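Please keep the sequence and the structure in view while reading.

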Amino acid sequence: MGDLTTEVLVIGSGAGGAVTAAALAEAGRTVTVVEEGPWVDPDEHEPFSLAEMVAKYRHRGAGAALGNPPIAYAEGRCVGGSTEINSGLYHRLPEHLAQEWRTTYGIDEFTPEVLEAYAERVESQLSVARLPGAPPPSSAVLERGATKLGWRNVEFARVFSYDEAGRGTKQTMSRTMLPRARAAGATIIPDCRVVSLVRQGDRVVAARCRRTHPGGGVERLTIHADHVFVCCGAVHTPALLQRSGIRHNVGNGLKMHPTIKVAARFPHPVDHGDVPMHRVTEFSPFIAIGGSASRRGQVAMALADTGQPIDEAMADWENISTYYAAIRSEGSGRVVALPGLRSPIVTYSLSEADLSRLARGLVHLGELLLAAGAVELHPSVTGGHVVRRLDELGIWWDQVTRARANLMTVHLTSSLRMGEDRRRTGTDSFGRVWGFRNLRVNDASLLPDAPGVNPQAAIMAIATRNCDHFLADA
Ligand SMILES: Cc1cc2nc3c(=O)[nH]c(=O)nc-3n(C[C@H](O)[C@H](O)[C@H](O)COP(=O)(O)OP(=O)(O)OC[C@H]3O[C@@H](n4cnc5c(N)ncnc54)[C@H](O)[C@@H]3O)c2cc1C
């Protein structure tokens with residue numbers, strides 16, 4: 001049983017937590033970061049490999065939001081959080097959403113100008129860049145198909161830096177913000193899970209933790225702090241608050257980008273090392289089309305989604321890559337921490353409109369891939385028709401049902417929400433949890449809705465803004 005004392009305790013070291021730790025340590029605060037997952041050398045594993053999933057993903061990559069249909073999801077669980085395993089695609093929060101959220105939730109100091117200034121600050125601290133050369137074939141497929149159909153498409157910038165030979169390195173939190181935090185004096189404790197927060201009136205005074213040592217021994221640790229920032233991500237932030245008896249708008253309203261996939265076979269090999277950086281924006285903001293990680297294992301899983309034999313296609317797996325259509329969803333979900341269970345229950349309810357949006361996305365994705373030269377399309381639909389010609393695509397409309405659609409997501413948000421409208425939010429405009437003077441949330445949970453674009457940029461800009469507000473205030 002150990003005791004530690006710090007001025008600021010940051011719980012979780014992903015996009016939100018790492019930004020918080022760096023901003024506060026650089027402002028001269030004494031910061032301790034605790035992270036449930038291990039420290040893993042960012043160069044140790046091949047990106048998107050099975051070994052990486054075992055080392056860095058929560059539950060080795062298997063998570064599911066229960067519902068009809070269930071939706072599989074993935075999260076990081078290591079120092080750097082989900083930024084260590086993501087694709088690094090970078091997109092600022094669209095202006096119209098900043099406007100909409102500001103008025104709907106009553107968020108102070110949330111104009112597009114304010115957010116743009118914070119995005120610029122984040123971008124000056126990371127390296128955000130486009131590819132220095134031509135895109136890989138798997139990404140060029142999206143550009144080619146869209147151009148043929150006259151659909152809008154863009155190459156996304158990524159949180160990558162490139163050397164003179166054009167080799168890219170993803171600028172994860174373990175390579176950027178966490179070293180900055182450490183250089184400014186922050187302490188980072190990996191393998192340390194916060195079980196609950198200790199409350200006294202309107203303050204949180206300590207966190208009760210379980211720290212796992214390299215030999216497997218578990219130590220109970222209590223960390224006393226003047227200020228606590230919970231940055232455990234949209235699933236585990238509400239779960240920790242609920243375990244600590246904090247419940248006002250905590251864990252309801254979970255949002256995500258439900259995603260449906262196609263494994264597309266081409267008459268030639270495609271690359272499998274990178275995730276496509278092109279995105280088809282023709283149907284934005286409600287449907288986005290892009291590419292997914294497509295190593296051998298991911299190709300096998302995508303093919304298996306139809307429930308049909310995959311041996312013949314797998315023999316040709318180097319010619320296959322996976323693509324997706326993701327939607328902005330009307331539905332929402334919940335995170336519920338139950339006594340005695342280590343992980344919370346997550347649920348999500350898709351609306352009928354969501355389902356038809358997914359069907360439409362799948363059909364558009366099929367059109368695009370055929371236009372780009374794909375010869376065989378395997379949808380992530382149980383018993384789904386394997387399509388080879390444009391005139392067969394229509395059959396997918398009826399096959400995307402609750403019973404048959406296999407959906408997934410890697411973007412989870414909105415399980416607290418920020419703003420001055422207490423009926424709809426779990427925190428004030430800057431992440432301070434209602435009813436507490438020194439307890440703040442600073443991660444994906446604060447976004448009032450799933451943004452329709454990759455969320456890391458918005459999470460980091462908002463987290464930086466909230467740190468400035470804290471520094472001016474406390
Ligand atoms: C496979 C994948 C691909 C993605 N691709 C992109 C992309 O290309 N672009 C993009 O913008 N976004 C992408 N995302 C999403 C993006 O990475 C997340 O939205 C973002 O990292 C969320 O930040 P966060 O701080 O809320 O949570 P995370 O980054 O998930 O960090 C939360 C951390 O808290 C820790 N934690 C949880 N509970 C506790 C506890 N009780 N005690 C201590 N620590 C705890 C977790 O272990 C984790 O490390 C992707 C995500 C995944 C999984």
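A residue is called buried when its relative accessible area is under 20%, exposed when that area is over 50%, and partly exposed in between, with a 1.4 Å probe and protein chains only. By this criterion Arg417 is buried, with a relative accessible area of 7%. Arg417 is placed in the loop between β23 (412–413) and β24 (439–441); here helices (H or I, at least four residues) and strands (E, at least two) are DSSP runs, numbered from the N terminus. The phi angle of Arg417 is near 75°, a positive value in a residue other than glycine.

The model is predicted: local features need pLDDT of at least 70 and side-chain atom pairs count only at pLDDT 80 or more, whereas totals for chains, interfaces and linings use all residues. Residues are numbered from 1 along each chain as its sequence is written, and side-chain values use heavy atoms, with hydrogens and water left out.

The overall division of the chain comes next. The domain assignment gives domain 1 (2–39 + 78–126 + 171–251 + 413–473) and domain 2 (137–166 + 258–409); such bounds come from an automatic or database domain assignment. The centres of domain 1 and domain 2, taken over C-alpha atoms, are separated by 30 Å. To the contact between them, domain 1 gives 24 residues and domain 2 gives 19 residues, where contact means heavy atoms within 4.5 Å.

The interior can be described through its nonpolar cores, each being a set of buried Ala, Val, Leu, Ile, Met, Phe, Trp, Tyr and Cys residues joined through side-chain atoms within 4.5 Å. The largest of them has 118 residues, and those with the most contacts inside it are Leu197, Leu241, Leu369, Leu377 and Leu439. Helix α10 (residues 352–371) provides the largest share of this core, nine residues. Because domain 1 and domain 2 both give residues to this core, it lies between them. Leu377 illustrates the packing: leaving out residues up to four places away in sequence, Leu377 touches Val262, Ala263, Ala264, Gly366, Leu369, Leu370, His385, Val386, Val387, Leu393 and Trp396. Another core, of eight residues, lies apart from the largest one and includes Leu303, Ala313, Trp317 and Ile320.

The ligand is surrounded by 39 residues, of which the closest are Gly16, Glu35, Ser82, Leu89 and Gln456; a residue is near a molecule or strand if one of its heavy atoms lies within 4 Å of it. Among the elements that each supply at least two residues of this shell are α1 (15–26), β11 (192–200), α7 (233–243) and α12 (456–473). A polar backbone atom of Ser87 lies 3.2 Å from a nitrogen atom of the ligand. Taken alone, the ligand exposes 1,000 Å², and the protein buries 95% of that; the areas come from the Shrake-Rupley method with a 1.4 Å probe, and for residues only the protein chains shown count as cover.

How many of the eleven residues of α7 are buried? Nine are, so α7 is largely enclosed by the rest of the structure. Among these buried residues are His236, Pro238 and Leu241. Just after α7, Gly245 takes a positive phi of about 85°.

Further local features occur in loops. Phe48, in the loop between β2 (31–34) and α2 (50–56), has a phi near 65°, a positive value in a residue other than glycine. Phe48 counts as buried, at 13% relative accessibility. The backbone nitrogen of Phe48 lies 2.9 Å from a polar atom of the side chain of Glu52. Glu52 belongs to helix α2 and counts as buried at 3% relative accessibility.

Two peptide bonds are also of interest. The bond from Asn68 to Pro69 is cis, with omega near 5°, and Pro69 is found in the loop between β3 (63–65) and β4 (71–73). The bond from Ser284 to Pro285 is cis, with omega near 5°; Pro285 lies in the loop between β16 (278–280) and β17 (287–291). Pro69 is also one of the residues in contact with Leu407, which is placed in strand β22 (residues 407–409).

How values were computed: Polar contact = N/O pair within 3.5 Å; in protein donor to acceptor, adjacent residues only side chain to side chain.
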